[in-house]
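Subject: Structure handover

Hello,

Here is the structure for you to look at. My notes on what was found in it come after.

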Amino acid sequence: MSLRIAPSILSADFTALGVAIAAAERGGADLIHVDVMDGHFVPNITMGPPFVAAAKRAATIPLDVHLMITEPDRYIPAFVAAGAAMVSVHVEVVPHLHRTIAHIKEQGAQAGAVLNPSTPVSALEEIAPDLDFVLVMSVDPGFGGQRFIEQSEAKLRRVRQLLDRTGSRAAIEIDGGIDHGNVARVVAAGAEILVAGSAIFHSPDVERATRDLRTAAQAGLAAPGRG
Ligand code: DX5
Ligand code: ZN
C-alpha cells in the first residue's frame with residue numbers, strides 16, 4: 001500500500017503556477033489535483049482545459065482532474081487531451097455512470113467516481129468493480145479551505161468494506177479539509193490518495209508542507225489492517 005500525496009492547485013498562486021507545482025514536486029508530491037468547477041453543479045467557477053494544459057507543461061507528475069461539472073461527458077476528451085491522467089466524475093450528476101467510466105478509460109485515463117458528503121456509499125454498489133479509484137469528499141465541493149466533515153472517517157471505512165466485498169481494486173482518495181493534524185486518521189480509515197489544497201499551498205514553505213504531510217500520513221499506516 002503506497003500513499004499518494006495530491007496537492008490541489010486550487011489553493012496555489014495562479015500567477016506562479018509553475019513555481020507552485022515545482023515546489024510540491026520537490027516535496028515529493030505524487031499527483032497534482034486539479035479542481036474543475038462550472039458554477040452550476042457547485043457555486044464556483046475555476047479552470048478549464050487550457051489551465052490543465054498549462055499545468056501539464058509545468059508538471060512532471062500525473063494530473064488528477066476532479067470534474068465538479070454537470071455534464072462531464074461533453075468535456076472528458078478535452079481534459080484528457082489537455083493532459084489529465086486521472087479523471088473523476090460525481091455520481092450525483094451522471095445518469096449513466098457505466099458509460100461515463102468506460103468513456104474516461106477509452107480516452108486513456110484512469111477513471112474515478114466521486115461521492116459528496118451526503119451521498120451514501122451504496123451509490124457505488126454496482127459500479128465499484130469498474131473503478132480505478134473512488135473519491136470521498138470530506139467537504140461539500142466548491143471551495144478550498146473548508147473544514148473536514150468528521151463523519152467522513154467512518155464513511156471511508158464503509159467504502160473500504162464495499163470495495164473488499166465487491167472485489168474492487170479501486171484506490172480510495174479523500175478530498176476536503178485534509179491537513180497535517182487529521183491525515184493519519186483518514187489513512188487509518190482506508191484513504192490512500194490524499195488531496196490537500198490550503199494545507200500545502202497556503203504554507204510559506206510548500207516543499208516542506210508537502211513532505212511533512214506524507215510523514216504525518218505514514219503514521220496512519222500503523223493502524224490495524226493497514227500497511
Ligand atoms: C473542493 C475541492 C478540493 C479543494 C481542497 O471542492 O474539490 O480539492 O481544493 O482544498 P482544501 O484541502 O483546502 O480543503
Ligand atoms: Zn478536488
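This is a predicted model: local features need pLDDT of at least 70, side-chain atom pairs count only at pLDDT 80 or more; totals for chains, interfaces and linings use all residues.

Overall fold

The secondary structure consists of eight helices and eight strands. Along the principal axes, the C-alpha atoms occupy a box of roughly 45 × 40 × 30 Å. The radius of gyration is 16 Å, which agrees with a compact globule, because such a globule of 227 residues would have a value near 17 Å. Of the 227 residues, 55% are buried. Taking the contacts with a separation of 6 or more, 67% are between residues 24 or more positions apart.

The accessible surface is about 9500 Å², and carbon and sulfur atoms account for 51% of this area. As for charge, there are 19 positive and 25 negative side chains. The centres of these two sets are 4 Å apart.

In soluble globular proteins, nonpolar side chains tend to be buried together. In this model the largest nonpolar core has 75 residues, and I9 and L194 have the most contacts inside it. Helix α1 (residues 17-26) supplies the largest share of this core, with five residues. Apart from this core lies another, of seven residues, including L31, M86, F133 and I193.

Which residues does I9 touch, not counting those up to four places away in sequence? The partners of I9 are F14, L17, I21, I32, H33, V34, M47, F51, A55 and F201.

M86, a member of the seven-residue core, sits in strand β4. Its relative accessibility is 3%, so M86 counts as buried. Beyond four places in sequence, M86 touches L31, L63, D64, V65, A109, Q110, F133 and I193. P43 is 43 residues from M86 in sequence, and the two C-alpha atoms are 23 Å apart.

Residues in loops

V42 belongs to the loop between β2 (32-37) and α2 (49-58). Is V42 buried or exposed? With 2% relative accessibility, V42 counts as buried. Leaving aside neighbours within four places in sequence, its contacts are M37, M68, P141 and G142. F143 is 101 residues away from V42 in sequence, but the C-alpha atoms of the pair are 8.8 Å apart.

V93 is in the loop between β4 (84-90) and α4 (97-106). The cut-off matters here: buried means under 20% relative accessible area, and V93 has 19%, so V93 counts as buried. V93 and A6 are 87 residues apart in sequence, and their C-alpha atoms are 24 Å apart.

D130 is located in the loop between β5 (110-115) and β6 (133-137). Its relative accessibility of 31% is why D130 counts as partly exposed. With neighbours within four places in sequence left aside, D130 is in contact with H98, I101 and K105. Between D130 and G167, 37 residues apart along the chain, the C-alpha separation is 10 Å.

Regards

Note on methods: Residues are numbered from 1 along each chain as its sequence is written. Chains are lettered from A and ligands numbered from 1 in the order in which they are written. Side-chain values use heavy atoms; hydrogens and water are left out. Helices (H or I, at least four residues) and strands (E, at least two) are DSSP runs, numbered from the N terminus. The radius of gyration is taken over C-alpha atoms; the globule rule is 2.2 Å times the number of residues to the power 0.38. Buried means under 20% relative accessible area, exposed over 50%, partly exposed in between (1.4 Å probe, protein chains only). Contact means heavy atoms within 4.5 Å. Accessible areas come from the Shrake-Rupley method with a 1.4 Å probe; for residues, only the protein chains shown count as cover. Lys and Arg count as positive and Asp and Glu as negative; His and the chain ends are not counted. The place of a charge is taken as NZ of Lys, CZ of Arg, CG of Asp or CD of Glu. A nonpolar core is a set of buried Ala, Val, Leu, Ile, Met, Phe, Trp, Tyr and Cys residues joined through side-chain atoms within 4.5 Å.
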